Amino acid sequence: MKVLVIGGGAREHALCRSLSQDPAVSELHCAPGNAGIAQAATVHPVDQLDGAAVAALAQRLAADLVVVGPEAPLVAGVADAVRAAGIPVFGPSGRAALLEGSKAFAKDVMAGAGVPTARAYVCTTPAEAAEALDAFGAPYVVKDDGLAAGKGVVVTSDRDAALAHAAACDQVVIEEYLDGPEVSLFAITDGETVLPLVPAQDFKRALDGDEGPNTGGMGAYSPLPWAPEGLVQEVLDTVLQPTVDELRRRGTPFSGLLYAGLALTSRGTRVIEFNARFGDPETQVVLARLETPLAGVLLAAAQGTLDTLEPLRWHDGAAVTVVLASEGYPADPRTGDVIEGLAEADAADGTVFVLHAGTRADEEGRVLTAGGRVLSVTAVGTDLAEARTRAYAGVSRIAFKGAQHRTDIARGAAGQ
């Protein structure tokens, strides 16, 4: 099988790493990729938002499967262009990807499907926003209705800050605050069959103790030893399957990766948001635990044959990933700095590996920072404590100017 992955972040590096280990994959390509992905796949330049260009590249490579990683190309309809070219693609249509591209649309779908979620108002004026904030009270939850690279949500007790965020967006969704721990649960679907993966938890805030600004994610871990028994089945029955069924009923079938961001509240499990693709950095730990070869599962979703697959197999152990970010991230990330220690951070036995996010290679072959989140140092172990220790050992071997990371990823869950 020849596989083309679209994207250039740590999520796509994780996908490429798993696909490169799949004996069914004879050729692996990625566009546009990054300095780390180039070591696992052949990289190609492409405008990942240009569906015609992506489809043309897939045809030129004679790809048997295209995997669209990021949300922006999906919302832009890139998967539609590839499908129109007759090539199987893992990723929803542009219309179905509105489940992530518009939080108002997602709320409407959840209402139709009877999915438990936070009460919310859709606001387009400052007066509407102020009224909604006062209706719910603090803490205030204000979400940009459109795509914002994981940084469009403000949760604050400062009413003025909440109003300012609302004013900076064309349309916002203002919600009641959901208490309780958060869980990320991915599911692979072909539009009918829904195959849940293992839960993970990510860390959105920039600083230890969940302080500082919201980011795209500073680390993640799996499994969740504190999660209630039966959580995956509950979410499949009450959230994932009803959502897929509702979208199909509306004539907008969802095929690809459905990501449910959940809050385990005092009143039960509630959906915080949906994403239409693998989450970053949760993908790094979920795929690290997956034992079933990945390519066949993604192809089955693309071809509508998920119901013929055997149950997924998982490693018994644990995985932890720690994000190394640039100085100034998330507001104003510094780029162009030389990264040292990459080879030293990788463990020879595969228990620690570095996944690249914002990197590029210069003319001398050095790896430089090229984005806010630069690397995801990922480790596996028999339990969370071992995986966490290994991940931070890997982090300690890497250096670039102004590097920052959280020191408390999975600390509580690991009992450390």
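Axes here are lines fitted to C-alpha atoms, for helices over the stretch in contact, with angles running from 0 to 180 degrees between N-to-C directions. Helices (H or I, at least four residues) and strands (E, at least two) are DSSP runs, numbered from the N terminus. You're looking at a predicted model, where local features need pLDDT of at least 70, side-chain atom pairs count only at pLDDT 80 or more, and totals for chains, interfaces and linings use all residues. Residues are numbered from 1 along each chain as its sequence is written, and side-chain values use heavy atoms, leaving out hydrogens and water.

**First stop: H1 and H10**

Select helix H1 (residues 10-20) and helix H10 (residues 282-289): their axes come within 8 Å and cross at roughly 15°. That makes the pair roughly parallel (angles under 35 degrees). Now show side chains: Ala10, Arg11, Ala14, Leu15 and Ser18 of H1 are in contact (heavy atoms within 4.5 Å) with Thr283, Gln284 and Leu287 of H10. By class, that's four nonpolar, three polar and one charged residues.

**Next stop: H7**

Jump to helix H7 (residues 126-136) and pick out its buried residues, Ala129, Ala130, Ala132, Leu133 and Phe136 (buried means under 20% relative accessible area, exposed over 50%, with a 1.4 Å probe and protein chains only). They sit on the same side of H7 because they cover an arc of only 165° around the axis, taken from the directions from the helix axis to the C-beta atoms.

Finish at glycine 137, which follows H7 and has a positive phi, near 80°.

Note on methods
Parallel < 35°, antiparallel > 145°, perpendicular 65-115°, else oblique. Nonpolar A, V, L, I, M, F, W, Y, C, P; charged D, E, K, R; others polar.
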